[in-house]
Protein chains: 2
Amino acid sequence: MKPNPHFYPIILAGGRGTRFWPLSRKRRAKQLLALDGKETMIQQTVARLAPMTAPSRFWIITNGDLRPAILRQLPKLPPSQVIAEPAGRNTAPAIGLAAFLLLRRDPDAVLGLFPSDHVIAEPAEYRATLSRGIEIAAAGENIVVLGIRPTRSETGYGYIEAGAADRQGSLQVRRFTEKPDLATAKQFLDAGNYFWNSGMFLWRADTLANALREHLPNTAPLLEKIAAAYGTRKFADTFRKLYPKCENISIDYAVLEPRSAKGEGQSRIFCLPSDFGWNDLGSWTSLHEHHVAKVKPADGSLISASGSFALNAKNNYVHAPGKFVALVGVSNLVIVETEDALLVTTLDQSQDVGKVVKHLDEKKLKKLV
Amino acid sequence: MKPNPHFYPIILAGGRGTRFWPLSRKRRAKQLLALDGKETMIQQTVARLAPMTAPSRFWIITNGDLRPAILRQLPKLPPSQVIAEPAGRNTAPAIGLAAFLLLRRDPDAVLGLFPSDHVIAEPAEYRATLSRGIEIAAAGENIVVLGIRPTRSETGYGYIEAGAADRQGSLQVRRFTEKPDLATAKQFLDAGNYFWNSGMFLWRADTLANALREHLPNTAPLLEKIAAAYGTRKFADTFRKLYPKCENISIDYAVLEPRSAKGEGQSRIFCLPSDFGWNDLGSWTSLHEHHVAKVKPADGSLISASGSFALNAKNNYVHAPGKFVALVGVSNLVIVETEDALLVTTLDQSQDVGKVVKHLDEKKLKKLV
């Protein structure tokens, strides 16, 4: 399949990833960590897209805390396209800004929207899926969302309800749903036509720009003004003044949900069922599962340390580089040590690690966040 | 009560205390650690005996790994009385050597034998008990053992079965028993005439010397020769050559058990029921219990760290100085961090920490033991 010359990856890299504390910090967010292999999550994100387009086509939206590290990790990307928001405004303004910026450069631009901190086990399959999606998105006012085939009744994700099959293996989207409760998630899993919302979208820049003008009529003109100032001396000033005035809203809530309400066939939102070993690594527990599936340790434990000894212990995740680690009679624990902090939690409760960061924020323990 | 001018405390300080790994090490054994307060266990041992006799009367039997640290911790004691065994030979030869050494100095010497790593909550009561014991021991060929009133059906200690009451609150000893199983320990607790063997004994030097000549006829002459060389140029050489030839046996097994077999009234072994807040701090768990009883924390947790946050966590023991510690959803854990090691175990299984040290010994990981 020939690469589309109008394809631009937009990588969202402004999140903190607090559930990976104490490894993740304000200036060393999850996407900057090498949680799976030698490359960091954002380096992997760029590397798996690199065969589809030139480095000069990548745009990264992040914040001032993370931009210096991102520039260091991705030296081949144009620094002017690693943009630090003056204030976090959720995904709609971030993506909208990218749309207005690219519309000025390339009227046929197709934007791919990508989180910066997920893993994909099968990158070739991933690129093949994306290529089909780019073709659908490029053809008109279509919005393509990559839907992950669910493998468990997960309550932590949003779901996409799919309808009739369309061309190139895509399905018409019936509606987007919020995170379900367990009973609903089980129904979704059994029904077979529900997919996890991967947060990966494809659409033409003009489609997105028009959608923003329609659904966020106050925010769209602000983003257009910022985009117009890009590359001029006024940019930093304009960005800093206007961006904080944009609505603080996700693209799902601002555009996709109201758009899908127009009904199957009318909304022109398409779900591309995807099966390329996606994992959002949402917590230490999900990282543990991911590694166990790859490494298959006999006792279910993954220990990253300078030596270890386990007695009557299994299914533990330990990160304590430089230490000799001894586990005696403990199971299903998550133990993470850094220079200044030590976290001990369980595989069951590691999703609550974000609350530690909330506590540290409240106590203004800035060195630890 | 007037101090007995012939009383000499003999402190046994050759143990490794491996159950306090990773804090305890070969050159930093349990008795050298400040597990309870600012002073180390051996400093506390000396301090609580100090009101009873002069510093010049203390003798410490230890090994070459620990002697330098002991001299640093106890600068007031005569260095020549801090004796490093050339090889570990259990308690009988260590105590026997002290007996033969003191017999040459003071024919009326009364020896008090003390472990170096226990805590005593009520030192005044402790000294009062000892004074009574010294009086009994000084009076003749008596052996006095301090028996701790049991407070639970503990299977980790040896027990003393007591018989008829004798003078000054002492009881005649019927027999010494090995560590019992749980059912037996419960019977002992209910019976009321069983006491924990504290490892603290009092006897005249000549009583002990005679007992050794009787029960260890090959070892006693070796110890007499070493004692005769003490203070001469030949001492180090004699000690190194003869001491390893002594039998490797505990004083309980060598002397007390056979002696008690002579029968109540004949054995002249007396148990002094003791109730002065004794705790042998045999494991992290027992240290946790000891501190919880003193500090009474609301959630049962004791955390020594530079800051901490606990969420849905209780009854944990954490030692991680210099770290901010976060506990999420974990209970009954023991977590101990040092510069080079991290131990995670449970209050239930911390007695198995010695097995970690065994593993490290086997793997010749010398830096860690």
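Some bookkeeping: residues are numbered from 1 along each chain as its sequence is written, and chains are lettered from A, ligands numbered from 1, in the order in which they are written. As the model is predicted, local features need pLDDT of at least 70 and side-chain atom pairs count only at pLDDT 80 or more, while totals for chains, interfaces and linings use all residues.

**The contact**

On chain A, 30 residues touch 30 residues of chain B (contact: C-beta atoms, placed from the backbone, within 7 Å). Several elements of chain A each supply at least two residues to that side, including α11 (353–362) and β13 (308–311). The top contributor is β17(A), with six residues. By type, this side of chain A holds 18 nonpolar, six polar and six charged residues (nonpolar: Ala, Val, Leu, Ile, Met, Phe, Trp, Tyr, Cys and Pro; charged: Asp, Glu, Lys and Arg; polar: the others, Gly among them). Helices (H or I, at least four residues) and strands (E, at least two) are DSSP runs, numbered from the N terminus.

β15(A) runs parallel to β17(B), residues 341–346, over five bridges; strands pair if DSSP finds at least two bridges between them. Two of the partners:

| Residue in chain A | Bridge partner in β17(B) |
|---|---|
| F324(A) | A341(B) |
| V325(A) | L342(B) |

The open, mixed sheet has six strands, ordered β13(A)-β15(A)-β17(B)-β16(B)-β14(B)-β12(B). Its edges are β13 of chain A and β12 (302–305) of chain B. Twist averages 5 degrees from one strand to the next (axes are lines fitted to C-alpha atoms, for helices over the stretch in contact; angles run from 0 to 180 degrees between N-to-C directions). Helix α10 (residues 284–295) of chain B packs on this sheet, touching β12, β14 and β16 of chain B, and its direction makes about 100 degrees with that of β12(B).

Definitions and conventions
Contact = placed C-beta atoms within 7 Å.
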